[in-house]
Amino acid sequence: MNINDGGRRRFEDNEHTLRIYPGTISEETIYCPIPARKNSTAAEVIDSLINKLHLDKTKCYVLAEVKEFGGEEWILNPTDCPVQRMMLWPRMALENRLSGEDYRFLLREKNLDGSIHYGSLQSWLRVTEERRRMMERGFLPQPQQKDFDDLCSLPDLNEKTLLENLRNRFKHEKIYTYVGSILIAINPFKFLPIYNPKYVKMYDNHQLGKLEPHIYAVADVAYHAMLQRKKNQCIVISGESGSGKTQSTNFLIHHLTALSQKGFASGVEQIILGAGPVLEAFGNAKTAHNNNSSRFGKFIQVNYQETGTVLGAYVEKYLLEKSRLVYQEHNERNYHVFYYLLAGASEEERLAFHLKQPEEYHYLNQITKKPLRQSWDDYCFDSEPDCFTVEGEDLRHDFERLQLAMEMVGFLPKTRRHIIHYWLCSIVNCLPVCVHYKVVAVFFEICGCAYLSKLTMFYYFVKEEMLFEALVTRKTVTVGEKLILPYKLAEAVTVRNSMAKSLYSALFDWIVFRINHALMNSKDLEQNTKTLSIGVLDIFGFEDYENNSFEQFCINFANERLQHYFNQHIFKLEQEEYRTEGISWHNIDYIDNTCCINLISKKPTGLLHLLDEESNLPEATNQTLLDKFKHQHEENSYIEFPAVMEPAFIIKHYAGKVKYGVKDFREKNTDHMRPDIVALLRSSKNAFISGMIGIDPVAIFRWSVLRAFFRAMVAFREAGKRHIQRKTDYNVYELTFISILENTMPF
C-alpha cells in the first residue's frame with residue numbers, strides 16, 4: 001500500500017462543515033452550516049441549502065467565495081468543489097470563521113439575464129453618481145481637499161509635500177495614489193474592504209483618474225485599452241521587499257480574469273488560484289524583512305480572444321535565488337517547502353524517507369554556521385538552531401494546502417509523490433554529506449557514509465561508489481594518461497552545493513513548465529487564431545541588506561533597468577514629444593541612471609563582463625576580481641572602494657549606495673553541476689530523476705506525450721480485440737442456443 005494512502009484517505013473521507021451566509025435571501029439566518037466532503041459540488045451544496053432554508057425552488061442560486069470580509073466575490077461554477085477551495089484558505093481563516101474578517105461563502109440569487117443580484121448595490125451606485133453630479137454643478141459643497149489623489153495636482157511639488165500628501169491619505173486608509181498614469185500603493189499590512197463587487201462595478205470601463213485611485217482602475221484601463229486598440233498591454237510592479245508586490249499581482253490577475261468572465265471563476269482563474277500556493281511553497285522564504293518573501297521574479301501573461309474572453313495564461317520565472325538553498329543569513333530560512341515537508345509528513349513517510357527535524361540538516365540551519373575549518377579532520381557542520389518557527393505559522397496545514405493546490409493545478413498523485421518525497425528528500429538528505437580526508441595517498445571516506453548509501457539506494461538509484469567518486473575527485477586527461485585528482489575541502493563543498501542547487505533549480509523549472517501546460521489553451525497553438533494579452537511583471541524589489549552578495553547585485557541591476565525604463569518613458573520621451581509639438585514647457589530635471597547601467601553592463605569593461613573574464617581564469621581569486629574592478633573604474637563616480645582592506649565595492653544606485661562583498665561572486669556566476677555528476681544522475685534507474693537532469697523540460701514533456709499516445713494506441717487496439725472476441729463468443733452462443741431450441745421444440 002502507498003504510504004500516502006492513509007493520510008490522503010483521511011483527508012478525502014473527512015466531512016467538513018461549510019458555513020454559508022444567505023444574506024438578504026434568508027434574513028433571519030446569519031449562516032447555515034452544511035456538511036460536505038472534498039468532492040461535494042457547489043450544486044449539491046445549494047440543493048442542501050434550498051431544502052434546509054425552505055427557499056423558492058423556482059429561482060436560480062449560486063455560491064460566491066469571498067477572500068476576506070468585504071473582499072471581491074468569485075462565483076463558483078456548479079461543478080466546483082467548495083471544500084477544496086476552502087482548504088486553500090489560510091489557517092487563521094479556517095480557525096476563526098466567525099470573526100469579522102474571515103473568508104466565507106455567500107449564497108447569491110442569479111437574475112434572468114445571468115447577472116448576480118446584489119441587493120442595494122445598484123441604488124448605492126446611483127446615489128453616489130447623483131451626489132457627484134450635484135457637487136460638480138455647485139448644488140452641494142465640495143469636500144475640503146486635505147489631500148490630492150494625484151501627486152501631479154500638488155500646487156507645490158517637492159519631496160516634503162509629496163510625502164506629507166501620501167501620509168495624510170494613508171491615515172485615512174487611502175493606500176492608492178496616482179502619479180499621472182502610475183499608481184503608488186502603500187502596504188497597509190492588513191486587509192481593507194475595498195475589493196468587493198461594488199468596487200468592481202465602480203471601476204468598470206471608467207477613465208483613469210475619474211474615481212478614487214485603485215488597483216482595479218489600472219487593470220480596467222489595461223483591459224479596455226487592449227480591446228479598443230487591439231494591442232498587447234503590460235503592467236510593471238516594482239518596489240522594495242515587503243512592499244506588497246505579490247499581493248498587488250494577485251489583485252490584478254483576479255480582476256483581469258473577472259472582467260472577462262463577468263464575475264464567474266474561470267478554469268484559468270482556478271488554476272492560477274492553485275498555482276499561487278505551489279509557487280509560493282517552492283519559491284518563497286522567510287527573510288529578515290518579510291516572512292513570506294518571493295525569492296524569484298515572475299511574469300504572468302493572460303491571453304484573450306479579440307472579444308475579451310480569457311483563453312489561457314503563461315508564467316515565466318526570473319532569477320531564482322539558488323544560493324538560499326545552501327546558505328541563509330541570520331534570521332532567515334530556506335524555502336518554505338522543506339519546512340512544510342518535515343512538519344507535515346506522516347510517521348510512515350518519516351520512516352520511509354528518513355526525515356528528521358529541520359535543525360538536524362546542514363542546509364536548514366545555516367543561520368549561525370561556524371567558519372569553514374582549514375583542516376579536514378576538525379571540519380564539521382554543527383550549528384545552533386535559529387528561527388525555525390514563525391509566529392502564527394501552521395506548517396502541517398500549509399503542507400496539506402500545498403498538496404491540494406498541486407492537485408488543483410493537475411499534478412497526479414504519483415507525480416506529487418516523486419516531487420515531494422523523492423526529489424525534495426534527495427536534496428534535503430544530501431545535506432549532511434561532507435567529505436573527510438585522511439592523509440593517505442588518494443584515500444577518502446565519506447563522513448556519515450550511511451547518508452551516502454541512503455542517497456544512492458532510496459533517492460538517486462545510482463551506484464554508491466560512482467557517486468562517491470564524483471563528489472570527491474575530478475578527472476583530468478593529459479597526453480597519454482588519465483589522472484584522478486582529489487578535491488580540496490572547499491572544492492568538494494562547492495561540488496556538493498552545486499549539485500543540490502542544480503537539482504532544486506531543475507525541479508522549479510519543471511514545476512513552472514507543468515503549471516504553464518495546465519494554463520495553456522488549445523487555441524493558443526492555432527496560428528490563425530488572433531490573440532491579445534496583458535502581462536503583469538512582478539520582480540524583486542530593490543534590496544540592501546547588512547551583507548549583500550551576487551544575488552543582490554543582480555536584483556538591483558534589474559531594478560536599475562526598470563528605473564531607466566521609467567525615466568525614458570515618463571520624462572525624456574514625454575518632454576521630447578512636448579518640444580516636437582511646440583508646447584511651451586519647462587524641462588523637469590531628473591536623475592539619469594544610464595551611467596550606472598553602463599558601469600555594470602556595457603561591453604567590454606562593465607562589471608558583469610569583467611566578472612565573466614575572471615570566472616574563466618583558473619588562477620583567479622576574489623582579490624584579482626576586485627583589483628580588476630579598481631583598475632578599470634577607479635575614476636568612475638558611480639563606484640567606490642572602501643578605504644580599509646575590505647573585499648567589497650560600493651555602487652551608487654538610483655535608490656542609494658549599496659556595498660557588495662565579492663566573496664563567492666565568481667562561484668555563483670558559474671554555478672552549474674559538473675559533467676560527471678550530470679552523466680551519473682542521468683544514468684539513474686529512476687525515470688523521474690534521469691529525465692529531469694540536463695534535459696529541456698519541453699523535450700521531456702513532448703516525449704511523455706508521445707509515449708502516452710503509443711500506450712493509448714496499444715490499449716485501444718487490445719480493447720478492440722477483446723470486444724471482437726466477446727462479440728464472436730456471443731454470436732456462437734446465440735447460434736448454439738437457437739439450434740438447441742430448434743431441436744427441442746415440438747412441431
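A salt bridge here is a side-chain nitrogen of Lys or Arg within 4 Å of a carboxyl oxygen of Asp or Glu. The model shown is predicted, so local features need pLDDT of at least 70 and side-chain atom pairs count only at pLDDT 80 or more, while totals for chains, interfaces and linings use all residues. Residues are numbered from 1 along each chain as its sequence is written, and side-chain values use heavy atoms, with hydrogens and water left out.

**View 1. Glu173 and Lys190 pair between two loops.** Here the two side chains form a salt bridge with an N to O distance of 2.8 Å. Glu173 sits in the loop between α6 (159–171) and β7 (176–179), and Lys190 in the loop between β8 (182–185) and α7 (197–202), so the pair ties together parts 17 residues apart in sequence. Helices (H or I, at least four residues) and strands (E, at least two) are DSSP runs, numbered from the N terminus. Glu173 is partly exposed, at 42% relative accessible area; buried means under 20%, exposed over 50%, and partly exposed in between (1.4 Å probe, protein chains only).

**View 2. Glu65 meets Arg85 in a salt bridge.** The N to O distance is 2.7 Å. Glu65 belongs to strand β3 (residues 60–66) and Arg85 to helix α3 (residues 82–86), so this pair ties together parts that are 20 residues apart in sequence. Glu65 is buried, with a relative accessible area of 1%, and Arg85 counts as buried at 1%.

**View 3. Asp509 reaches Lys317.** In this salt bridge the closest N and O atoms are 3.0 Å apart. Distant parts of the chain are linked: Asp509 is in helix α17 (residues 489–519) and Lys317 in strand β13 (residues 310–318), 192 residues apart. Asp509 is partly exposed at 29% relative accessible area, and Lys317 is partly exposed at 23%.

**View 4. A network of salt bridges links Arg295, Glu321, Arg324, Glu332 and Glu543.** For the whole model, the count comes to 20 salt bridges.

**View 5. Helices α11 and α13 cross at roughly 105°.** The axes of α11 (residues 336–344) and α13 (residues 395–409) come within 8 Å; axes are lines fitted to C-alpha atoms, for helices over the stretch in contact, and angles run from 0 to 180 degrees between N-to-C directions. The contact (heavy atoms within 4.5 Å) includes Val337 and Tyr340 of α11 and Phe399 and Leu402 of α13.
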